[in-house]
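The structure is shown first, and the points follow by topic.

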Amino acid sequence: MMRKTRAAGTLALGATVALLAAGCSGGSDGGSGDGDVSMTFWHNSTTGPGKAYWEDTVAAFEAANPGVTIDVQSIQNEDMDGKLQTALNSGDAPDIFMARGGGKLADVVEAGQIMDLTDTIDEATKTNVGAGFDAFTVDGKVYGMPTAVLPGGIFYSQDLFDEAGITETPATVDELNDAVADLKAADIAPIALGAKDAWPAAHWFYFFALRECSQETLEAAAESRSFDDECWLAAGEDLQALSETEPFQDGYLTATAQQGAGSSAGLIANHKAAMELMGAWNPGVIAGLTPDEKPLKDLGWFPFPATESGEGDPAAFMGGVDGYSCFVEAPPECADFLNFFMQKEHQEAYAEAFVTLPASKEAQGVVTDPALQSVLAAYNEAPYVSVWLDTLYGQNVGNALNAGVVEMLAGDGTPQSIVDAVNAAAAME
């Protein structure tokens, strides 16, 4: 069955998508004109400058809005999807929560669980964010406030590249394979991967699909719920061929992506692996895992390499945008808070705290991290940007895709079994 509503799958230049954060209990007390108001806010920054940023921003909002209090709760990123879904289904969701675009957003909109923000967004914010709102638009209405641009690509250690004698970043998959061979010869783990979390492993399939599938095919699958185009199988075969070179660190199937020194981000932070495919939040995560908890000085970035075949534009991007939404029963002050943290000073502070790219163009001047500057320059030249595929196609298809990729990497599946699992999940909707 085709969905009644579906967010745009492939975004125009400059548009982005979201990571999800989650929530649990909340419920508001009162609203504008009804006396004191309390709201619950769930985000995914559990430590460091990111957690401090939200605490400081909430305190500033409360100071500017007497009578309004916000209960701030931080949730581990990998726990968010399930907790938010449970909270939304129970009708006792947090007032403020992070929200995904694509099919996941469309599902929440269709269920009537999220507030329409279309007429509450400040004009200045509309101008400064521009097409970034496309990621949170369903049937012409806006349901989320973008905070950070998060395109993906390959982050790498320049020091380890130098040690392995690699003088140019790979522009093609063949060159990536050569880099893997050079790093292995230098006794360096070429690519860090936290496959225990599933989605980091699936990112490799996503990007191969971005190169193999045309923009039109990616968009059409969001509506048709069919993944029979030969490009999907080709993407799986590309990933299988890469995995056969054994590019990932020992134990990658049981490694997490972002938790501790043994995670894939931790391996990059401590020079235990040379590369990681990840979104633009990665420099901030890596910074929190270095020995001095500061940005990695030799961190670089390059776009996902081009494949020999395929109908996707080799300069196309995949990625998203962090964004926040309001529960449908939240008070009007929820929208006020979303507008508040989009002011220039708060967007600049957000970019600095998270070491990321702010969604507001007027705040992007504070980006000084060399890797992120490279991301932003390439992103601004992209012919089109697709959302993460597990976001684009919704939770059921996304979960089947992610699980299918891990099974193949573990030797329990094939490129065809990934396609079969995705088609089966889509048929159940």
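Helix 9 (residues 230–243) and helix 17 (residues 415–427) have axes that come within 8 Å and cross at roughly 135°. This is a predicted model.

**Helix 9 and helix 17**
- Helix 9 contributes W232, L233, G236, E237 and Q240 to the contact, and helix 17 contributes P415, Q416 and V419.
- By class, the residues of this contact are 4 nonpolar, 3 polar and 1 charged.

**Helix 7 and helix 16**
- Helix 7 (residues 199–212) packs with helix 16 (residues 394–409) at an angle of about 90°, and the axes are 8 Å apart.
- Because of that angle, helix 7 is roughly perpendicular to helix 16.
- On the helix 7 side the contact is made by W199, A201, A202, F205 and Y206; on the helix 16 side, by L401, N402, V405, V406 and L409.
- This contact has 9 nonpolar residues, 1 polar residue and no charged residues.

**Helix 1 and helix 12**
- Helix 1 (residues 48–64) packs with helix 12 (residues 333–340) at about 120°, with 11 Å between their axes.
- The angle makes helix 1 oblique to helix 12.
- Helix 1 passes helix 12 in a right-handed crossing.
- From helix 1, W54, T57, V58, A60 and F61 meet E333, D336, F337 and F340 of helix 12.
- The classes in this contact are 6 nonpolar, 1 polar and 2 charged.

**The largest nonpolar core**
- In soluble globular proteins, nonpolar side chains tend to be buried together.
- Here the largest nonpolar core has 141 residues.
- Those with the most contacts inside the core are W204, F205, W232, M275, F337, L389 and Y393.
- Helix 7 supplies the largest share of this core, 10 residues.
- Leaving aside residues up to four places away in sequence, M275 touches I154, F155, Y156, F161, L176, V180, L183, P190, I191, A192, I268 and F302.

Terms used
Residues are numbered from 1 along each chain as its sequence is written. This is a predicted model: local features need pLDDT of at least 70, side-chain atom pairs count only at pLDDT 80 or more; totals for chains, interfaces and linings use all residues. Side-chain values use heavy atoms; hydrogens and water are left out. Axes are lines fitted to C-alpha atoms, for helices over the stretch in contact, and angles run from 0 to 180 degrees between N-to-C directions. Helices (H or I, at least four residues) and strands (E, at least two) are DSSP runs, numbered from the N terminus. Contact means heavy atoms within 4.5 Å. Ala, Val, Leu, Ile, Met, Phe, Trp, Tyr, Cys and Pro count as nonpolar, Asp, Glu, Lys and Arg as charged, and the others, Gly among them, as polar. A nonpolar core is a set of buried Ala, Val, Leu, Ile, Met, Phe, Trp, Tyr and Cys residues joined through side-chain atoms within 4.5 Å. Buried means under 20% relative accessible area, exposed over 50%, partly exposed in between (1.4 Å probe, protein chains only). Angles under 35 degrees count as roughly parallel, over 145 as roughly antiparallel, 65 to 115 as roughly perpendicular and the rest as oblique. A crossing is left-handed if the near helix is turned anticlockwise from the far one by less than a right angle, and right-handed if clockwise.
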